[in-house]
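Colleague: Before we go into details, could you take me through the features of this model one by one, giving the general idea each time and then the case at hand?

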Amino acid sequence: MKAPFINHFMALLICLISVTTFGQAKLTQLTLETGNAITGLPIVGAPQLFYTHYHPFNTIGASLVWKENGKQAWEQSFNMGYIYHRFVQHSILLFTETIYRYDFNTAFSMRAHLGLGYLHSIPGTDRFELNKQGEYEKIASLGRAQVGVKFSISAAYKLSPDFQLSINYGVLGQLPFVKSYVPLLPYNAIQLGILKNISK
Amino acid sequence: MKKHWISLLGMIFLVTLSCREADIGPSYNCTYASAASSTLHPKNAVFQSILDTYVKNGLPGISTLIKDEDGVWVGYAGKADIDKNIPFTPCHASKAASITKFMVGTLTFMLQEQGLIDINDPIAKHIDADIISKVKNADQVTIKNCLQHTTGIYDIITDAEFYLAVLNNPNKQWRADELLELVYDKDPYFAPNEGVEYSNTNTIFVGMCLDKVLGYSHAKALREMIWDPLAMYDTYYQSRDLLPSTVAQGYYDLYNNNTIVNVSNLVTGSGNGYGGVFSTVYDLQKFMNAYYFDKTLVNEESMGMMMTFVSEGDMNNLGVGIMQKFKNFSPHLGLGHSGRDLGYSADLFVFPTRNDRQMIFFVNYGTDGDSALREVFREFEKTLVLEVTE
């Protein structure tokens with residue numbers, strides 16, 4: 001992964017957030033989601049997702065509505081996430097999603113999310129580097145810049161005028177991961193969330 | 001509304017706590033009776049220099065035992081635990097990886113000599129039909145095919161889903177049937193007996209056959225029939241035995257950026273016939289002595305069957321549970337087995353055409369993946385083989 005690519009991507013992401021936040025559209029919703037992220041090719045079954053192993057996956061985010069037409073809407077979200085994967089890595093995600101929403105009625109809606117972002121991976125175990133004397137030294141794990149891609153679908157149910165309960169299932173890809181073994185690391189993720197309206 | 005937020009925080013807390021203990025904790029120092037002959041060995045400086053050189057070039061730790069006409073030489077270099085600054089001494093158990101297959105092969109022939117199993121049995125005789133039906137070629141192969149890798153059955157270790165499963169649950173203790181699910185319906189390399197391709201899946205099947213005829217785990221049989229009688233008290237089977245604090249950490253350049261990470265707790269299906277034995281150079285020598293020199297494990301007839309070789313490419317000849325190696329660079333083939341796993345490597349060989357000299361080593365670096373240190377390891381192995389067989 002070339003650093004300039006990451007820099008350009010981050011600049012683009014910041015611009016996008018700035019334009020949308022300070023331009024015409026306003027952030028309308030805050031989200032807090034938590035759940036499990038399982039490494040595996042899509043689509044893993046419910047046993048794995050729910051109880052065979054846990055890698056906590058938590059995200060907070062804010063979203064805005066680009067366009068709304070009757071029951072349909074296009075939204076954009078800006079999110080920060082964290083996955084803890086024991087013996088493997090800590091993953092910090094900054095990503096944006098373009099979202100298509102369909103309201104079935106006043107209480108229930110579904111969304112399809114397509115996301116892209118920056119993923120910072122910090123090894124979950126000790127890391128060492130050979131020094132000039134031919135001895136390994138433990139090094140601070142500043143981590144690696146990675147790309148994260150995400151596709152998910154979610155359903156939300158209105159609990160009150162201000163709050164919705166959501167469930168989100170999707171696939172998150174991290175790349176490049178491990179040459180030879182796993183060049184692209186796919187996570188299957190399921191999260192429960194709370195959505196709070198912040199403007200009406 | 002407050003209840004919803006409390007529930008969410010509770011869920012975060014619960015999922016964070018749900019983890020199994022690490023298989024391998026920090027390594028500690030251990031004590032051993034040093035081979036007095038090592039410092040007197042005429043090649044002491046040469047052998048030690050090789051170890052020191054390749055540790056300086058990046059192999060984390062090495063322990064080595066060499067036996068030739070001048071006696072036994074034991075040496076070591078580097079660290080068993082870099083973080084704790086623990087030297088890798090010959091009493092530190094390290095992963096023997098596929099040398100497990102040599103032991104499982106030997107056990108199979110021991111049981112054959114007792115009349116419990118026949119290596120020409122189809123594996124389908126001992127394994128459930130619903131498993132056999134889901135692994136291509138499994139309905140047509142024998143235990144001998146499995147031990148000699150002439151089944152064509154897909155190798156689990158080459159499978160991306162396998163690595164994802166290991167990553168997902170790094171220190172899981174896998175059952176054989178769970179591992180086999182990862183190779184269900186995968187295309188074979190060739191029809192049975194029509195080729196040679198090393199496949200770890202083969203010895204999963206052998207382990208299952210042994211479990212069936214024994215009525216208990218082959219892990220118990222390895223201990224009761226081989227390790228305990230040979231006083232191999234520093235030998236363990238990962239996922240079946242509790243590993244002691246004298247086990248070396250295993251390292252690998254996982255992210256291909258010339259740094260190494262501790263991968264000790266990424267357990268690649270250990271304890272199912274194809275890998276998982278942890279041992280020391282002393283214990284592996286006891287095994288080789290009993291097998292090859294004293295012939296107390298299997299009889300001459302069994303050894304003859306095990307040493308029926310087929311060629312696998314330019315590097316190896318595969319016997320039945322045993323291998324010949326180094327044919328790409330040495331006229332003196334090593335007889336025994338090598339072992340390669342994610343964070344560990346090992347060799348256990350005798351050189352029959354070079355006065356039965358022996359070379360045993362452990363390196364706590366995984367060398368089969370594509371990393372810069374793979375070539376360093378290969379150069380180390382070649383240098384040592386050439387020096388031992390000089």
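**Reading burial and contacts**

Modeller: Let us start with burial, where buried means under 20% relative accessible area, exposed over 50%, and partly exposed in between (1.4 Å probe, protein chains only); Val74(B), with a relative accessible area of 10%, is therefore buried. Val74(B) belongs to strand β2 (residues 71-81) of chain B, where helices (H or I, at least four residues) and strands (E, at least two) are DSSP runs numbered from the N terminus.

Colleague: What should I keep in mind about the origin of these values?

Modeller: This is a predicted model, in which local features need pLDDT of at least 70 and side-chain atom pairs count only at pLDDT 80 or more, whereas totals for chains, interfaces and linings use all residues. Residues are numbered from 1 along each chain as its sequence is written, chains are lettered from A and ligands numbered from 1 in the order in which they are written, and side-chain values use heavy atoms, with hydrogens and water left out.

Colleague: How many residues of chain B are in contact with chain A, and what area do the two chains bury between them?

Modeller: Contact means heavy atoms within 4.5 Å, and 47 residues of chain B are in contact with 43 residues of chain A. Buried area is the accessible area (1.4 Å probe) that two parts lose on being put together, summed over both; here the two chains bury about 4,100 Å², 66% of it on carbon and sulfur atoms. Of the area that chain B buries against chain A, 17% comes from Leu164(B), Asn168(B) and Tyr255(B), more than from any other three residues.

Colleague: How many salt bridges does the rule find across this interface?

Modeller: A salt bridge is a side-chain nitrogen of Lys or Arg within 4 Å of a carboxyl oxygen of Asp or Glu, and the rule finds 1 across the interface of chain B and chain A. Asp83(B) forms a salt bridge with Lys138(A), their closest N and O atoms being 3.2 Å apart.

Colleague: Which residues does His85(A) touch, and is His85(A) buried or exposed?

Modeller: His85(A), in strand β3 (residues 72-85) of chain A, counts as buried because its relative accessibility is 0%. Leaving out residues up to four places away in sequence, His85(A) touches Thr39(A), His55(A), Tyr187(A), Leu167(B), Asn168(B) and Pro170(B). A polar contact is a pair of N or O atoms within 3.5 Å; within protein, one must be able to donate a hydrogen and the other to accept it, and residues adjacent in sequence count only if both atoms are side-chain atoms. The side chains of His85(A) and Tyr187(A) make such a contact at 2.9 Å, and a polar atom of the His85(A) side chain lies 2.5 Å from the backbone oxygen of Leu167(B).

Colleague: How many residues of α7(B) are buried?

Modeller: In α7(B), 7 of the 9 residues are buried, among them Leu164(B), Leu167(B) and Asn168(B). At the N-terminal end Asp159(B) caps α7(B), with a side-chain oxygen 3.0 Å from the backbone nitrogen of Glu161(B).

Colleague: Finally, which strands pair with β1(A)?

Modeller: Two strands pair if DSSP finds at least two bridges between them. Strand β1 (residues 27-39) of chain A is joined to strand β2 (residues 56-69) of chain A by 9 bridges, running antiparallel, and to strand β10 (residues 185-197) of chain A by 11 bridges, also in the antiparallel sense. Within these pairings, Thr34(A) has Asn58(A) as its bridge partner in β2(A), while Ile38(A) stands opposite Asn188(A) in β10(A).
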